[in-house]
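Hi everyone, thanks for coming. Let me put the structure up on the screen, and then we can walk through it together.

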Amino acid sequence: MRNRTLTLALQTIRALATRRMRIHADGIPYDFARLPLKKILNACLVETSILFKPSRPWGWPTHLMVEPSSHCNLACTLCPVTAGLERAQGLMEFATFKKVIDEIGDYIFTLLLWDWGEPFLNPGIYDMIAYAAARGIKTISSTNAHMLAHQENADKLISSGLDTLICAVDGITQETYQHYREGGQLEFALDGIRMVVARKKALGSEKPLVNFRFIVMRHNEKEVPYLEEFVQSLGADALTLKTLNPAAQDPYAADIEAEKHDDFLPQDDRFRRFRRDSTRARIRRKRNPCKHLWCHPAVHWNGVVCTCTYDPYEKFPLGDLRKQSFREIWEGKPYHRQRRQFREDWNHLPRCSECSYAYEGGSCSHETIAEAIFFSKPKLVHV
């Protein structure tokens, strides 16, 4: 605790002196310059509250996940959208998005515009990106890239000011690709990437950084040695290799049998998410490093606020932006109760006990990206 407190104090002093901070998200570094003092001080309060885990938050969220759409055009094997989310599905209205950004946008560093579903099925996503970017928020979205093969969509994406586009493509042949991303066409996805790259060049834009995402699984790990050359040929800026989450009782895959997960686990230990003991059992953490309850909420398309992405079925809602302000939700009793339970015994919280963070190697903050390779220097500074 003493070392973490000292590190936090030094980071705060440096940020206050320089008005600069660097934040990593999904293996990508983001530099912020000329930061407002209130944003730096709020970040300090949040990080301090993460150390002590109070029921009442000491600051406002510094990161935010928003679900533009709960619909998807693919049927990926382990995704709960494929099995059915068991909740109403739809597209987020701009008014809902604007409401949360107007309340807490001054404190947010990174906005993740995806959760469950394909975000670019929502035609209003480009306005959402532009609205957040105008507030100095780093905007990141993840897509299967099919929608971006149309020049009109690619141009709107580039004009919106999106900082990073994660293109989830887990195979470099159609046979490999469709093994997991059922219903998808590899060439459509690659055409989407090529279109964004070409329109960036034509429009003279440095953004978005195009991140080719490859979840390493048993059926595609044979393609890893060929990825760098393949991704470079597309003109993408980065390649990130991500580990698969095989926790069979994780809410991410509540209805998927363990055997199906095992079939997807890669042979190469470098790309297995969790560290294991001599019996090959996953090693459970003594201290859960998750910060979401104090800094990183998730907002579903309908305005329902959840603690994080690991509640796809919306079984643990904390509030509804259609009926409440974000302040009322963030400081409300359901959030207080969740924070207190996490602090006292996270092992008995149904959502947290089998989460990726519960095991050694499963921290989504910095461990789940096995490797990040850059083909161009990221220019992701916000002034």
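This is a predicted model: local features need pLDDT of at least 70, side-chain atom pairs count only at pLDDT 80 or more; totals for chains, interfaces and linings use all residues.

Residues are numbered from 1 along each chain as its sequence is written, and side-chain values use heavy atoms, with hydrogens and water left out.

So, the sheet. Ten strands make up an open sheet with mixed pairing, and their order is S13-S12-S11-S3-S5-S6-S7-S9-S10-S14. The edges are strand S13 (319-320) and strand S14 (369-374); each has a single partner strand, so one side of each is left without a neighbour in the sheet. A word on terms: strands (E, at least two residues) and helices (H or I, at least four) are DSSP runs, numbered from the N terminus. Two strands count as paired if DSSP finds at least two bridges between them.

Now look at strand S3, residues 63-66. Which of its residues are buried? On one side we have His63 and Met65, on the other Leu64 and Val66, and all are buried, meaning under 20% relative accessible area with a 1.4 Å probe, protein chains only. As for partners, S3 runs parallel to S5, joined by four bridges, and Met65 has Leu112 as its bridge partner there. S3 also pairs in the parallel sense with strand S11 (residues 298-299), over two bridges; here Val66 is partnered by Val299.

Further along, strand S9 (residues 209-216) and strand S10 (residues 238-243) are parallel too, with six bridges. One of the partner pairs is Asn211 with Ala238 in S10.

On to the helices. The buried residues of helix H6 (residues 151-160) include Leu157 and Ile158. What do the buried residues of H6 pack against? They pack against H5, strand S7 (164-168) and helix H8 (186-203), where contact means heavy atoms within 4.5 Å. Just after H6 comes Gly161, with a positive phi of about 90°.

Last, please find Asp26, in the loop between strand S1 (21-25) and strand S2 (28-32). Leaving aside residues up to four places away in sequence, Asp26 touches Trp114, Ile166, Arg213, Thr240 and Ile369.

Note on methods
Buried means under 20% relative accessible area, exposed over 50%, partly exposed in between (1.4 Å probe, protein chains only).
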